[in-house]
Amino acid sequence: MEYGTIEREIHIDASPEVVFDVVSSPEHLREWWPDEAEYPAVPGGAGRICFGDPAQGGTWVQFTVVDAVPPRLFSFRWTHAEGETAAQGNSFLVVFELEPHGDGTLLRMTESGFRERGWDEAKVAAEHADHVSGWDHFLSRLPAYAAKVAA
């Protein structure tokens with residue numbers, strides 16, 4: 001099996017401007033994906049996101065914005081070690097591409113970088129499977145939240 005990339009495509013009943021805000025700003029991101037998010041939503045903006053309650057030992061991961069082109073594209077690298085500059089080989093790259101579609105937005109999400117981490121096949125497969133199930137869970141929350149923001 002190929003574990004190089006995860007791709008998802010969903011239609012969202014909100015404008016590309018609203019969807020861009022929902023996938024790029026920390027205030028919106030924490031409503032559908034991580035429990036906490038701290039980063040400037042500009043290219044090169046570095047920070048972190050947390051899964052679980054930060055006060056109860058939640059898991060923080062590093063997060064660096066790669067591109068922010070409203071309302072078409074938002075991308076970031078994540079999971080690199082604290083103190084390291086995010087790059088191919090030490091992090092995953094997530095790209096959200098947005099395009100107008102009818103009365104809403106077609107969102108294409110791609111996550112790559114599994115093979116570039118230098119892990120053995122079992123670790124690559126496990127990480128890929130974990131991220132597939134995570135994105136399937138979290139992206140399913142995105143359309144309802146974006147529609148609420150748009151309303």
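## The largest pocket

In this predicted model, the largest pocket has a volume of about 270 Å³. Its lining is made up of 17 residues, and those that lie nearest the centre are F51, W78, D130, H131 and G134. Two elements give two or more residues each to that lining: β4 (59-69) and α3 (121-139).

Helix α3 supplies the largest share, with eight lining residues.

Next, have a look at helix α4, which spans residues 142-150 and has L142, Y145 and A146 as its buried residues. These cover an arc of only 95° around the axis, so they sit on the same side of α4.

What do the buried residues of α4 pack against? Their partners are β1 (5-12), α1 (16-24), α2 (26-32), β7 (104-112) and α3. On the face turned away from the buried side, α4 carries the exposed residues A144 and K148.

## S75 in strand β5

Strand β5 (residues 73-78) contains S75. Is S75 buried or exposed? Its relative accessibility is 4%, and because buried means under 20%, S75 counts as buried.

Leaving aside residues up to four places away in sequence, S75 touches V65, V66 and D67, as well as L93, V94 and V95. S75 and V23 are 52 residues apart in sequence, with a C-alpha to C-alpha separation of 9.3 Å in space.

Methods:
Residues are numbered from 1 along each chain as its sequence is written. This is a predicted model: local features need pLDDT of at least 70, side-chain atom pairs count only at pLDDT 80 or more; totals for chains, interfaces and linings use all residues. Side-chain values use heavy atoms; hydrogens and water are left out. On a 1 Å grid over the protein atoms alone, a cavity is a set of points where a 1.4 Å probe fits but cannot get out, and a pocket is an open set with protein on both sides within 12 Å along at least five of seven lines; lining residues have an atom within 4 Å of a point. Grid points are joined across faces, edges and corners, and a volume is the space filled by probe spheres set on the points. Helices (H or I, at least four residues) and strands (E, at least two) are DSSP runs, numbered from the N terminus. Buried means under 20% relative accessible area, exposed over 50%, partly exposed in between (1.4 Å probe, protein chains only). The arc is that of the directions from the helix axis to the C-beta atoms. Contact means heavy atoms within 4.5 Å.
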